[in-house]
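Hi,

Here is the structure I promised to pass on.

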Amino acid sequence: MGFLKNISDKLFKTKEGFTQKIHQESQKDEPISEEYLDFVEELLIESDFGVKTTQKIMEAIENGMKDGSIKTRRDVEIKIRDVILDVLKKVEKPLEIKSKPFVVLTVGINGSGKTTTIGKLASINTDKMKRVMLVAADTFRAAAIDQLEIWAKRANASIVKQQENSDPASVAFDGVSSGVSKNMDVIFIDTAGRLHTQKNLMKEIVKVKNAISKAYAKAPNEVLLVLDATIGQNAINQAREFNKVLNVTGIVLTKMDGTAKGGIIVAVSEEFGIPIRYVGIGEQIEDLKVFNARDFVESVFVP
Ligand SMILES: Nc1nc2c(ncn2[C@@H]2O[C@H](COP(=O)(O)OP(=O)(O)OP(=O)(O)O)[C@@H](O)[C@H]2O)c(=O)[nH]1
Ligand SMILES: [Mg+2]
């Protein structure tokens, strides 16, 4: 219930951009013409559902029209919702902290929301009485270390940090070693933003991952890719490249509150099948929600 109530208001842009338009049309007692189908297809593409999912939905509609299960525009609307729910159900696998320590490596491009998401996750876990440590392996800017420190204080978590410009792999190694010896339950590694096209930085993040495994053989337990939902289809390329070098085990889609193109969550899910762990719906500490397919679809499809 909490999820629904909170997220429904925050997703108003997606509702305005997509759901309400479909809904308005489905209220009209008019036939499912070619033009209408074109309108639906265009709206899906515009809302970032991606070509694959859009085709899947359009095929499902055509099949429904052939077998007689789709007769009205309202039936079309329901079919769209069902296909989306189907795709999202497959990636609904909440993050389980099932070993100790549980080490989470956070990766993604600049500004996608990595540090903020770590802060929110730290808070979720300290609220559950877990011992949480944050590791400042984004050493590019002193401000990045300061930002993580602020979140650590806010969330009652510990922090391991070194000087600006230290080697991120050694910071990660020391952080995880320290977390193990201090009996931490969850360790979050913050890393610098990087573009998937920057070869050296992609090599560096692989080094960070390897250093984590050297410090604790079972780690990282989760490689969490933080994707900004507002960047649209670029998110697909990013996910592909990060996944190639790091074997991403979970995704957080941030800034779902700021985009009219909520379809990206469906496009990413259809393309990779990687679990969507959380969605970010704001800048505050409480604005991270465990991803639940049904709640998500219901909150977007209530006009
Ligand atoms: N509206 C909204 N803003 C968000 C969300 N998540 C993060 N932000 C904002 O996005 C901006 C960037 O967030 P950071 O957490 O610093 O991003 P980052 O990936 O750590 O950035 P770099 O370390 O520079 O790569 C900040 O202003 C955050 O408050 C979200 O879910 N919704
Ligand atoms: Mg950051």
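Predicted model: local features only at pLDDT ≥ 70, side-chain atom pairs only at ≥ 80, totals over all residues.

Residues are numbered from 1 along each chain as its sequence is written, while chains are lettered from A and ligands numbered from 1 in the order in which they are written.

The sheet is open and has 8 strands in the order β3-β2-β4-β1-β5-β6-β7-β8, with mixed pairing. Helices (H or I, at least four residues) and strands (E, at least two) are DSSP runs numbered from the N terminus, and two strands pair if DSSP finds at least two bridges between them. At the edges sit β3 (158-160) and β8 (288-290), each pairing on one side only. On average, neighbouring strands are turned by 25° against each other, direction ignored; axes here are lines fitted to C-alpha atoms (for helices over the stretch in contact), and angles run from 0 to 180 degrees between N-to-C directions.

Two helices pack on the sheet. Helix α8 (residues 168-181) touches β1 (102-107), β2 (132-137), β3 and β4 (186-191), and its direction makes about 165° with that of β2. Helix α9 (residues 199-215) touches β1, β2 and β4, at about 175° to β1. Contact means C-beta atoms, placed from the backbone, within 7 Å.

Now to β1. It pairs in the parallel sense with β4 over 4 bridges, where F102 stands opposite V186. With β5 (residues 222-228) it also pairs in the parallel sense over 4 bridges, and T106 stands opposite L224 there. Since 6 of the 6 residues of β1 are buried, the strand is largely enclosed by the rest of the structure. Buried means 20 or more other C-beta atoms within 10 Å of a residue's own, exposed 12 or fewer, and partly exposed in between, with C-beta atoms placed from the backbone. F102, V104 and T106 point one way, and V103, L105 and V107 the other.

What about ligand 1: which residues come nearest? Of the 20 around it, they are G113, T115, T116, G193 and G280 (around means a C-beta atom, placed from the backbone, within 6 Å). Helix α6 (residues 114-127) gives the largest share of the shell, 3 residues.

Cheers
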